[in-house]
Amino acid sequence: MRPLLHLISLGCTKNLVDSEVMLGRLSACEISDEITQADVIIINTCGFIHAAKQESIQTILEAANARKKGALLVVSGCLSERYAKELEQEIPEIDLIIGVRDYAKIDVLLEQKGFALPRFFAAPSAHTSPKLAPLESKILSSSDKVFLADEKHKRVIANSRLHAYIKLAEGCNQHCSFCAIPSFKGKLQSRSIESILQEVENLSKEGFVDFSFIAQDSSSYLRDQGQTDGLIQLIKALDSQNLAKNARIHYLYPTTTSPKLIEAMIDSPIVQNYFDMPIQHIADPMLKRMRRNHTAAQVLELLKLMKSAPNAFLRSTFIVGHPGESESEFEQLREFLAQGVFDRVNLFAFSSEEGTLAHTMSGAVPAKIANARLTILQKLLAKQAKERAKALQGARVQAFIESKSAISEYFYSARDRRWGLEIDGEILINEIALESGLDSSSVDSGVLAPGLYEVQITQTKDTMLLGSVVRDLGL
């Protein structure tokens with residue numbers, strides 16, 4: 001009987017890729033949806049901000065209480081990298097803490113913990129580590145570098161049959177006042193273009209056609225190797241390779257995003273005009289306190305160029321309540337967001353993190369005020385979202401369809417080809433237009449094949465979009 005594995009991946013998509021690598025290393029296990037039945041439980045944690053840390057800790061405690069007798073509880077990821085000793089002391093139920101360095105050695109580490117059955121482990125690969133002596137400590141960090149998944153690491157991608165994330169780099173050379181990532185992920189380390197192209201080729205052979213390229217700072221790709229146009233080179237290489245059918249790039253940083261990079265994205269037949277740039281604030285004094293190294297005027301110039309792109313889609317992130325944020329600076333941010341520049345926005349209340357400059361700054365904004373400001377912006381953005389949805393009534397878009405919606409088994413879930421997976425919304429498909437030539441019973445019978453379709457938005461309700469399949473666009 002194959003051992004049962006239950007893996008919970010928390011936090012960002014970069015974490016998800018590392019979780020997929022662990023699933024690949026443990027592919028001889030049977031995946032279990034029931035945590036109470038699992039022989040091994042792995043929780044890949046997030047430790048970016050306070051709310052994420054609380055979620056990770058709560059998940060660990062719930063897993064410890066739910067597991068069956070003898071099941072192994074493993075904690076990995078950013079929380080365990082930042083707070084390994086605290087986790088070992090405060091949650092003794094944890095059996096193994098591995099941080100962000102040893103994802104590709106998870107099979108060997110589990111063997112050290114007593115799971116020595118040959119059938120338990122994935123087949124050897126170029127990244128197989130030598131077997132080590134039994135662990136004396138629950139905490140392990142056997143590498144001086146943060147793990148960076150590449151084309152040699154087998155991944156099990158369970159959340160999509162068409163879409164895959166690809167990491168460009170790990171670490172970050174920026175020095176934002178509020179961000180702890182460089183303190184435990186280290187400096188930027190980029191993969192080669194050849195490595196990325198090989199992974200695209202490998203995944204294409206498995207049927208993946210849509211790719212999201214990710215890093216802490218994607219626009220700085222290859223700057224650690226002395227190249228300032230690395231992302232432009234990669235875009236041109238993807239165009240020449242012509243294997244990816246669709247792609248988007250996440251996490252552009254304002255100071256390393258040039259007009260030439262934006263133009264390269266616009267010119268690419270593969271990379272969507274999807275501009276995901278976390279800006280964080282728009283008041284110059286706040287940008288200076290945040291150590292963002294750019295001005296509002298520079299950002300506005302970039303946004304103007306992005307917005308001019310055909311079929312452009314803009315996403316950003318903003319922080320409310322950073323130390324020193326005055327009422328007038330917040331009002332400047334509110335007025336900026338009121339212009340409706342962005343298609344999607346993430347908002348965060350400032351979280352004071354150990355090891356960051358902001359953690360020691362004076363001028364703390366009381367939580368009550370920060371939360372009130374956050375609520376003001378949330379209401380503003382919610383109104384804009386409804387207006388955007390209403391404006392789409394009757395529009396036709398190209399969209400990926402691959403499964404039923406989690407909302408109801410009576411709907412298929414469609415995603416505009418520009419949109420990021422699971423973060424930018426969905427279109428609920430409840431009918432097939434006669435002009436499509438497709439069997440109108442396909443929606444009900446559950447046989448609408450995964451692929452790219454032309455979809456017409458037929459109804460809107462608040463932010464909900466309903467649509468009809470017009471035609472199959474093929475892949």
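View 1. Leaving aside its neighbours within four places in sequence, Phe-211 is in contact with His-163, Ala-164, Ile-166, Val-200, Leu-203, Ser-204, Ala-244, Asn-246, Ala-247 and Arg-248, where contact means heavy atoms within 4.5 Å. The model is predicted, and local features need pLDDT of at least 70, side-chain atom pairs count only at pLDDT 80 or more, and totals for chains, interfaces and linings use all residues. Residues are numbered from 1 along each chain as its sequence is written, and side-chain values use heavy atoms, with hydrogens and water left out. Phe-211 is listed with Phe-213, Leu-303, Leu-337 and Phe-342 as the residues with the most contacts inside the largest nonpolar core, which has 59 residues. Helix H8 (residues 230-241) gives the most to this core, with six residues. A second, separate core comprises 38 residues, including Val-40, Cys-78, Tyr-165 and Ile-319. A nonpolar core is here a set of buried Ala, Val, Leu, Ile, Met, Phe, Trp, Tyr and Cys residues joined through side-chain atoms within 4.5 Å; buried means under 20% relative accessible area, exposed over 50%, and partly exposed in between, with a 1.4 Å probe and protein chains only. Helices (H or I, at least four residues) and strands (E, at least two) are DSSP runs, numbered from the N terminus.

View 2. Gln-384 lies in helix H13 (residues 367-391) and, at 9% relative accessibility, counts as buried. Apart from its neighbours within four places in sequence, Gln-384 is in contact with Leu-337, Ala-338, Gln-339 and Gly-340; of these, Leu-337 is also among the residues with the most contacts inside the largest nonpolar core. Thr-375 lies in helix H13 as well, but counts as partly exposed, with a relative accessibility of 35%. The C-alpha atoms of Thr-375 and Ser-183, which are 192 residues apart along the chain, are separated by 31 Å.

**View 3. The five-stranded open sheet and Ser-9.** An open sheet of five strands has the order E2-E1-E3-E4-E5, with parallel pairing, two strands being paired if DSSP finds at least two bridges between them. Strand E2 (30-31) and strand E5 (96-99) are the edge strands, each pairing on one side only. Strand E1 (residues 4-9) and strand E3 (residues 40-45) run parallel and are joined by five bridges, and the bridge partner of Ile-8 in E3 is Ile-43. Ser-9 is found in strand E1 and is partly exposed, with a relative accessible area of 29%. Leaving aside its neighbours within four places in sequence, Ser-9 is in contact with Asn-15, Leu-16, Ser-19 and Asn-44. The C-alpha atoms of Ser-9 and Met-265 are separated by 31 Å, the two residues being 256 residues apart along the chain.

View 4. About 270 Å³ of space lies in the second largest pocket, a volume being the space filled by probe spheres set on the grid points, which are joined across faces, edges and corners. On a 1 Å grid over the protein atoms alone, a pocket is an open set of points where a 1.4 Å probe fits, with protein on both sides within 12 Å along at least five of seven lines, and lining residues have an atom within 4 Å of a point. Of the 15 residues that line the second largest pocket, Ser-403, Ser-413, Leu-421, Glu-422 and Glu-426 lie nearest its centre. Strand E14 (396-404) and strand E15 (412-416) each supply at least two residues of this lining, and the largest share, five residues, comes from E14. The lining divides into five nonpolar, five polar and five charged residues, where Ala, Val, Leu, Ile, Met, Phe, Trp, Tyr, Cys and Pro count as nonpolar, Asp, Glu, Lys and Arg as charged, and the others, Gly among them, as polar.

**View 5. Strand pairing from E15 through E16 to E18.** E15 and strand E16 (residues 427-432) run antiparallel and are joined by three bridges, with Tyr-412 standing opposite Ile-429 in E16. E16 pairs with strand E18 (residues 464-472) in the parallel sense over five bridges, and Ile-432 stands opposite Val-469 in E18.
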